[in-house]
Amino acid sequence: MSARSPIAAHSDARRARTLITPEGLALPIAIAPLASRAGALIIDVMIIFFGLIVFQLAIYWIADGVLGGTQFDPNRMSEAAIEFLGILVALFVFCTWYGYFLVQELGPRGATLGKRAVGIRIAARGGARLTPEAVIARNLLRDIEIFYPLITLLVLVIVGDRGEPVGMLGWVVTGWFGLFLLFPFFNRDRLRAGDIVAGTWVVERPRAKLGSVLSAQGAAAAEGASDVTGVRYDFGEAELSIYGEKELQTLERMLRESPDEALAAAHAAICRKIGWNPGAGDERAFLEAFYAQLRAKLEADMRFGKRKADKFS
Amino acid sequence: MKAPVISSWFGRGQVEAPPDIESAALRSDRFRLERESDWKRLEAILERMEKGGLRRIADDDLIALPTLYRTAASSLSVARETSLDAATLAYLEALVQRAWFQVYGPRQGFVRWLRGFLLGGWSRAVRALWLDICIALFVMVAGTIVGWLLVAQDEAWFYRLFPGSMGDPRQPGATREQLLESLGHDEGAAGLAGFAAQLFSNNSGVCILAFALGFAFGIPSLMLLVHNMALLGVLLWLFNGQGLVVELAAWLSVHGTTELFGILLSGAAGLHIGRAMAFPDKLPVLEAAAAAGRRSAAVMVGVVIMMVVAALLEAFPRQLVEDTGSRFLIGGTMLVFWLAYFILYRPAPRAGDAALPEAA
């Protein structure tokens with residue numbers, strides 16, 4: 001697929017996969033790079049962490065108010081109120097920890113806030129339907145992959161600081177942590193343990209804006225002529241049979257994105273190749289006309305099953 | 001990695017009117033201009049779906065969605081054969097993929113899934129794991145016996161298994177009265193709700209660990225089960241020494257029937273994944289693991305619910321009801337309820353439910 005449509009978004013061939021829809025249509029899809037996934041996780045953990053701190057502060061503030069209402073006499077404090085706040089904290093932490101990922105990844109975007117920010121989402125491997133069970137499984141596994149070993153290590157460090165013997169346990173936990181952390185590096189689809197158990201993978205979120213119609217503007221249009229000189233560029237059969245689809249799409253990208261000054265080099269190169277004498281000042285009109293006529297020719301050939309991948313074929 | 005498009009976060013940009021179809025010089029561009037409005041409409045619907053679910057979408061749009069999706073898909077396959085406009089192809093590929101995520105995405109949100117889960121999905125998932133549950137049950141019973149035998153042979157094992165129990169009255173050499181007192185109830189209900197919330201966080205953490213460890217071929221899950229049940233065996237041995245085993249069983253049964261059942265299920269869920277990875281049968285390992293993972297994940301959600309129930313039982317009735325017979329009654333009722341729910345409750349799966357593949 002990527003050979004036929006060399007699109008910038010899927011240029012990294014190692015991450016490109018093909019997804020077959022139930023209609024039998026092959027869609028290119030890109031596995032999310034590990035850097036984005038790490039970034040997304042950091043953002044998510046930050047959000048949860050700061051959310052919990054804010055909640056904790058709010059609870060303290062309320063508890064303070066409860067205490068203040070009793071003139072700071074602990075005996076007169078309503079135990080039920082303090083206990084209620086304690087329960088609230090315990091349940092809130094639990095629900096945030098598991099609910100944050102679960103509810104968001106089950107939503108229509110299939111991504112948490114962190115994943116959305118870096119432009120990735122989860123999907124079922126191989127084009128199956130994403131199910132709630134899969135989302136639950138991949139999020140439960142995250143605990144043993146990252147957070148349990150991290151917390152255990154922290155505890156061990158504190159215990160070790162106090163001079164108590166830790167023994168081999170520290171190395172075992174570090175090994176465990178390293179094993180799961182490096183897991184995605186050692187498989188083709190960048191799966192972590194949770195992805196394997198859930199049958200999911202993390203992919204780049206498709207995002208593309210519809211570009212303008214090139215053949216309806218400027219010198220590329222049906223009766224288009226140069227704004228500067230009023231001349232209509234016409235290319236002959238021989239001049240149009242030098243380049244192939246790859247060069248056409250490079251030219252397309254330049255016409256869409258590059259400023260006028262950057263077109264001069266392409267203009268000069270094409271003129272040299274087709275044996276024209278390059279002028280100056282009317283590069284865009286020339287390239288637009290060349291693009292439109294080259295594409296018309298290549299597309300006409302295409303309808304007869306004749307394709308020319310690039311200038312070498 | 002694509003750079004995030006900041007402008008896409010703040011409303012949509014200006015929509016330009018498409019150029020006149022006649023003005024396009026190329027046939028492929030005229031093809032595009034003729035269909036562009038359909039694509040744009042699909043894109044607008046998708047945007048609204050991604051933002052806020054189905055409620056904000058007009059019925060007309062919802063009905064049109066599958067048709068628009070197929071139109072875009074067929075546009076894409078035609079464009080691939082006739083057009084060399086890379087931007088249009090990239091746009092169509094992204095559009096079809098986005099639509100595919102919505103049309104073939106999760107069919108239900110979390111709340112609807114939970115309802116289907118409680119009304120049949122849960123017990124179906126549990127029944128699918130029957131073999132693993134049997135193995136885990138065997139391991140748990142064996143663990144209890146091992147714990148008992150270890151301490152019966154050498155009391156030093158007690159301190160190895162309960163390292164921090166120095167201040168606890170429950171240790172070898174305790175008198176009958178001390179042990180009996182530890183089974184009594186606390187003063188009134190104060191503090192029990194907080195106690196319940198603590199228990200719940202703690203116990204469900206252990207269960208999730210038992211499940212997640214199943215990833216290593218299920219062996220750590222089983223070891224966790226053995227360890228936990230050995231502690232129970234030790235406790236039984238201790239109380240048996242003073243002839244209090246019935247009282248202990250009653251005390252434990254109030255919440256234990258629910259909690260131990262939950263631990264059993266989470267161990268079985270972990271084992272199920274491990275077993276699928278060690279013996280994938282005819283499927284590739286990855287697919288076998290994924291199918292087993294999804295089945296066990298459903299069980300795990302149920303385990304969390306059971307832990308809520310167990311924590312409530314542990315905090316309130318166990319501490320407030322002192323009579324051995326009543327304690328057995330509560331515990332027994334819960335056990336019968338869970339067994340009936342898992343084994344006898346078999347509603348037909350509804351069309352909307354996520355179909356769970358049956359265990360091989």
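Guide: Leaving out residues up to four places away in sequence, Ala72(B) touches Trp39(B), Leu42(B), Leu92(B), Leu95(B), Val96(B) and Ala99(B), where touching, or being in contact, means that the C-beta atoms, placed from the backbone, lie within 7 Å. This is a predicted model, in which local features need pLDDT of at least 70 and side-chain atom pairs count only at pLDDT 80 or more, while totals for chains, interfaces and linings use all residues. Residues are numbered from 1 along each chain as its sequence is written, and chains are lettered from A and ligands numbered from 1 in the order in which they are written.

Ala72(B) also belongs to the largest nonpolar core, a set of 126 residues in which Val197(A), Ala72(B) and Met300(B) have the most contacts. Such a core consists of buried Ala, Val, Leu, Ile, Met, Phe, Trp, Tyr and Cys residues joined through C-beta atoms within 7 Å; a residue is buried if 20 or more other C-beta atoms, placed from the backbone, lie within 10 Å of its own, exposed if 12 or fewer do, and partly exposed in between. With 17 residues, helix 11 of chain B gives the most to this core, helices (H or I, at least four residues) and strands (E, at least two) being DSSP runs numbered from the N terminus. Apart from that core lies another, of 22 residues, including Ala216(A), Tyr233(A), Leu255(A) and Leu298(A).

Helix 11 of chain B also meets the other chain, for it packs against helix 4 (residues 132-161) of chain A at an angle of about 80 degrees, with the axes 8 Å apart. The axes are lines fitted to C-alpha atoms, for helices over the stretch in contact, and angles run from 0 to 180 degrees between N-to-C directions. The two helices are therefore roughly perpendicular, the word used for 65 to 115 degrees, whereas angles under 35 count as roughly parallel, over 145 as roughly antiparallel and the rest as oblique. Helix 4 of chain A brings Glu133(A), Ala134(A), Ile136(A), Ala137(A) and Leu140(A) to this contact, and helix 11 of chain B brings Gly293(B), Arg294(B), Ala297(B), Ala298(B), Met300(B) and Val301(B). By class, eight of these residues are nonpolar, one is polar and two are charged; Ala, Val, Leu, Ile, Met, Phe, Trp, Tyr, Cys and Pro count as nonpolar, Asp, Glu, Lys and Arg as charged, and the others, Gly among them, as polar.

Taken as a whole, the contact between the chains involves 69 residues from chain B and 72 residues from chain A. Among the elements giving two or more residues to chain B's side are helix 1 (27-52), helix 2 (59-82) and helix 11 (285-315), but the largest share, 14 residues, comes from helix 3 of chain B. That side has 43 nonpolar, 16 polar and 10 charged residues.

Chain B itself has 13 helices and zero strands, and buried residues make up 42% of its 360 residues. Of the contacts in chain B with a separation of 6 or more, 78% join residues 24 or more positions apart. An assignment, with bounds from an automatic or database source, divides chain B into domain 1 (25-104) and domain 2 (111-344), whose C-alpha centres lie 52 Å apart.

Note on methods: Two residues are in contact if their C-beta atoms, placed from the backbone, lie within 7 Å.
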